[in-house]
Amino acid sequence: MASEPVARAVAEEVARWGGMRQTGVSLRYMMEFGARPTERNLLLAAQFLHKELSIRIARRAQDLESLPFGLSTKPAILKVRDWYLNSFRDIRYFPEVRNRDDELAFTEIIKMIRLRHNNVVPTMALGVQQLKKDLGGTRAFPPGIDVIHQFLDRFYMSRIGIRMLIGQHVALHDPDPEPGVIGLISTRLSPMLVAQLASEDARAICMREYGSAPDVNIYGDPDFTFPYVTPHLQLMMFELVKNSLRAVQEHYMNSDKHAPPVRIIVADGAEDVTIKISDEGGGIPRSGLSKIFTYLYSTAENPPDLDGHNEGVTMAGYGYGIPISRLYARYFGGDLQIISMEGYGTDAYLHLSRLGDSEEPLP
């Protein structure tokens, strides 16, 4: 436990760094810079991150101190705040990065920070669950509760940016990168392949939970590739396919009819690459469509409790898959749209911006 003077000193440093302006980095710059991961370039990147991560992490720690409706006092939120404060300390206590040895040591520090923050999303979700329970459930929400959703959107978008910066720098140290891969960015990503792998993972979870799983049919040009961040597309596809499989499986659970397949269509447009995930899982009522992008509503009857012991990923967790996926799409200028026909099924349209030419600073 930190002594009071130490804690006060850290709080003052957090306030000082949190008041500084963060610097956006464009994807084009990341690709051009990362294409030449020389010792000098990696040193320059580490020096930039030493300052930039201090600013971004300090801001998030500050945000977690001042949330409305008592959310800041929930045990899960306090745990996340402590992760951010510990990470801020780790970076600020690290001396100035001056040479290759410093750069390699700093890279190990930020790898550890990235690992520490792996469970931020489910832990924040647990904090929101604790708040909902205290408030008496969704029907008892007070006016103005939407500010929680707006905060979480900003918080998670910032988290994506922090993890992108750290992940890109760490990945540039790979001594044997795959051809066409620059850090986390694949210059020749196959959306058909990612859709196939994500579908296999989602079907395996569906099989584990229900004992069976609908088929997934994928349509598109198997030779088509485009530049994108592979882990981001994998996460989005996995969440969307998992949702569709669950909807179909539960819709046909007590039916004599054979469950229809989930269909994935990959389209190569001039402006966007669009992936449509279609299911015949009964659809979503029109009154519920507005709720699927919020963090305050979940279709899960009994969301997992992080204080217990969860056996890996479940088909229905906290209901964060859709809003988080939309943030990942929007991070690079894309979007996620959901169109539903109640009584029939749902279509998810994942619009992905073509990367490589954008000079817009990322969040």
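Here are some questions and answers about this predicted model.

Q: In what order do the strands of the open sheet of five strands lie?
A: Let's start with the sheet, which is open and has mixed pairing. Its neighbouring strands are turned by 15° against each other on average, direction ignored. Reading across the five strands, the order is β3-β5-β6-β8-β7.

Q: Which strands stand at the edges of this sheet?
A: Look for strands that have a single partner strand. One side of such a strand is left without a neighbour in the sheet, so it stands at an edge.

Q: How many bridges pair strand β6 with strand β8?
A: Strand β6 covers residues 272-279 and strand β8 covers residues 345-353. In this pair, Ile275 stands opposite Leu350 of β8. The two strands pair in the antiparallel sense, and the number of bridges is eight.

Q: Which strands does helix α8 touch as it packs on the sheet?
A: Helix α8 spans residues 191-210. Its direction makes about 175° with that of β3. The strands it touches are β3, β5 (262-268) and β6.

Q: Which strands of the sheet does helix α11 touch?
A: Helix α11, residues 321-331, packs on the sheet too. Its direction makes about 140° with that of β7. The strands in question are β7 and β8.

Q: Which residues does Tyr156 touch, not counting residues up to four places away in sequence?
A: Leaving out residues up to four places away in sequence, Tyr156 touches Val121, Met124, Ala125, Tyr295, Tyr320, Ile324 and Leu327.

Q: How many of the 11 residues of α11 are buried?
A: Here, buried means under 20% relative accessible area. The buried residues of α11 include Gly321, Pro323, Leu327 and Tyr331, and among the elements covering them are α6 (120-135), α7 and α9 (230-251). The helix is largely enclosed by the rest of the structure because the buried count is 10 of the 11.

Q: What is the handedness of the crossing of α8 and α9?
A: The axes of α8 and α9 come within 8 Å and cross at roughly 45°. Residues that meet there include Val194 and Ala198 in α8, and Leu233 and Met237 in α9. As α8 passes α9, the crossing is right-handed.

Q: Which residue of β4 stands opposite Ile185?
A: Strand β2 (residues 185-189) runs antiparallel to β4, joined by three bridges. Both faces of β4 are covered, with Phe226 and Tyr228 buried on one side and Pro227 and Val229 on the other. The residue opposite Ile185 is Val229.

Key. Residues numbered from 1 in each chain as written. Predicted model: local features only at pLDDT ≥ 70, side-chain atom pairs only at ≥ 80, totals over all residues. Heavy atoms only, no water. Pairing = 2+ DSSP bridges. Helix = DSSP H or I, 4+ residues; strand = E, 2+ residues; numbered from the N terminus. Axes fitted to C-alpha atoms, helices over the stretch in contact; angles between N-to-C directions. Contact = heavy atoms within 4.5 Å. Buried < 20%, exposed > 50% of the residue type's maximum accessible area, 1.4 Å probe, protein only. Left-handed = near helix turned anticlockwise from the far one by under 90°.
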